[in-house]
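Open the model in your viewer and keep the selection panel at hand. The stops below go from the whole chain down to single residues.

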Amino acid sequence: MMKNYNFSAGPAMIPDEVKVRMQNDLSGWKVPGISVAEISHRSSSYIDLLDDTKERFKSLLDIPNDYEVLFCHGGARAQFSAVPLNLVSENDKPQYLNGGYWAQSAYDEARLFCNAKLTSIEQYHNKVYSLKPCDEWDIDIDAPYIHFCSNETLNGIEITQLPEQNFPFIADMTSNILSRPINVNKFSMIYAGTQKNLGIPGLSVIILKKSIINSDNERVPSVLNYKKLLDSNSLYNTPSTYAIYVTNLILKWISSRGGLMKIFHENQKKADYLYSYLDNSPYYSNNVDPKYRSLMNVSFNIEGNNFLDEKFIEAAEKNGLHYLKGHRAIGGMRASIYNAMPFEAIEKLVNFLDLFTKNIK
Ligand code: PMP
């Protein structure tokens, strides 16, 4: 049977080994006949799972002791509201560095709650998307925090370098968390929706320095309140129990593959193979500056022939290569190649790209 691959930007592919485990556990997790989706979030077996998930994050990302891992409802966009609600007051001016669609969306939401300031770090020259080098960012040293999106999922622009000097950075890492090792000390807070490298949607994972939590901020809705989440071990109300369980399996899967550095090298190999094919083909183009190309989301166009996009998508699906359509805001194609995507899938995609050029010539 032909193997199908899911290149969707999210909800995204889950590793086969994890899906097998999910399937088996549905017929009984700790007790035969009762799955993890059916047990109390206050039962000792569930609390063990929650604590184990936090510990696995701490160990995989080497999270220092003055940070905590929280689980919150509502995906990444809930954090677009929760960050300003928890951390600043109406008149405060946190800074939002704008590198694209998601950074701008976080800013738009923050404006509902505070006097957030938007600063562009984008550069667009000769139809190539790029970013200003991090030491040229116009950082406001008085800002209570500085927000950015570390990987713009739409067109595939990734920030991997931060200024030497320390700033209170908050990063939306929804589409590149756990794709490479990071220095958590460079951040006041990191958050991510779970539907890409962490499993299924509905949940956000927050890694924050405990000292930034503002306990006076009583107007924050309780389910988004960091102090309440911290004090309740992320059990203020019923959490997304099944999503946390899937994240736990994925963290175990990463460890079983040899940890983050190993995953990073695999991601580099996959992305290099695909970008290098696109760069060497006269028929396709990727318009992101190679210095900022994402390892997770590879956008591409059929050179001068975008009327062929639909035909491309249709033919790709017949070949088992699914959900390659670009985001509705920019069109074109996008291959999202998160941690779970195996190298064979990239080879299959490249073979298909090559085959399809017969329609272009
Ligand atoms: N930030 C980024 C970088 C994203 O890619 C997405 C979703 N694609 C979001 C935020 C929004 O996530 P959610 O749908 O979980 O709110």
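Start by colouring the chain by domain: domain 1 covers 5-13 + 258-360 and domain 2 covers 17-256, with bounds that come from an automatic or database domain assignment. The C-alpha centres of domain 1 and domain 2 lie 26 Å apart. Their contact takes 27 residues from domain 1 and 27 residues from domain 2, two residues being in contact if their C-beta atoms, placed from the backbone, lie within 7 Å.

Before going on, note that this is a predicted model, in which local features need pLDDT of at least 70, side-chain atom pairs count only at pLDDT 80 or more, and totals for chains, interfaces and linings use all residues. Residues are numbered from 1 along each chain as its sequence is written.

Stay on the side of domain 1 that touches domain 2 and select helix 7 (260-280) and strand 14 (297-302), the elements that give two or more residues to that side. Helix 7 gives the most, with five residues. Helices (H or I, at least four residues) and strands (E, at least two) are DSSP runs, numbered from the N terminus. By class, this side of domain 1 has 15 nonpolar, nine polar and three charged residues. Here Ala, Val, Leu, Ile, Met, Phe, Trp, Tyr, Cys and Pro count as nonpolar, Asp, Glu, Lys and Arg as charged, and the others, Gly among them, as polar.

Four bridges join strand 14 to strand 16. Pick Phe 300 to find Met 333 of strand 16 opposite.

Now show the ligand. Which residues come nearest to the ligand? They are Gly 75, Ala 76, Arg 77, Thr 153 and Gly 193, of the 13 residues around the ligand; a residue is near a molecule if its C-beta atom, placed from the backbone, lies within 6 Å of it. Select helix 3 (residues 75-87) as well: three residues of the shell, the largest share, come from this helix. The shell divides into five nonpolar, six polar and two charged residues.

Move to Lys 196, in the loop between strand 11 (187-193) and strand 12 (203-209). An unreviewed UniProt entry annotates Lys 196 as "modified residue: N6-(pyridoxal phosphate)lysine"; UniProt positions are given in the numbering used here, feature names are shortened, and annotations may be inferred rather than shown by experiment. Lys 196 counts as buried because it has 30 C-beta neighbours inside 10 Å. The cut-offs are 20 or more other C-beta atoms within 10 Å of its own for buried, 12 or fewer for exposed, and partly exposed in between, with C-beta atoms placed from the backbone. Not counting residues up to four places away in sequence, Lys 196 touches Gly 10, Ala 12, Thr 174, Ser 175 and Tyr 338.

Finish on strand 3 (residues 95-98). Gln 95 and Leu 97 point one way, Tyr 96 and Asn 98 the other way, and all are buried. Strand 3 pairs with strand 4 (residues 117-120) in the parallel sense over four bridges. Select Asn 98 and then Ser 120, its bridge partner in strand 4.

Key: Pairing = 2+ DSSP bridges.
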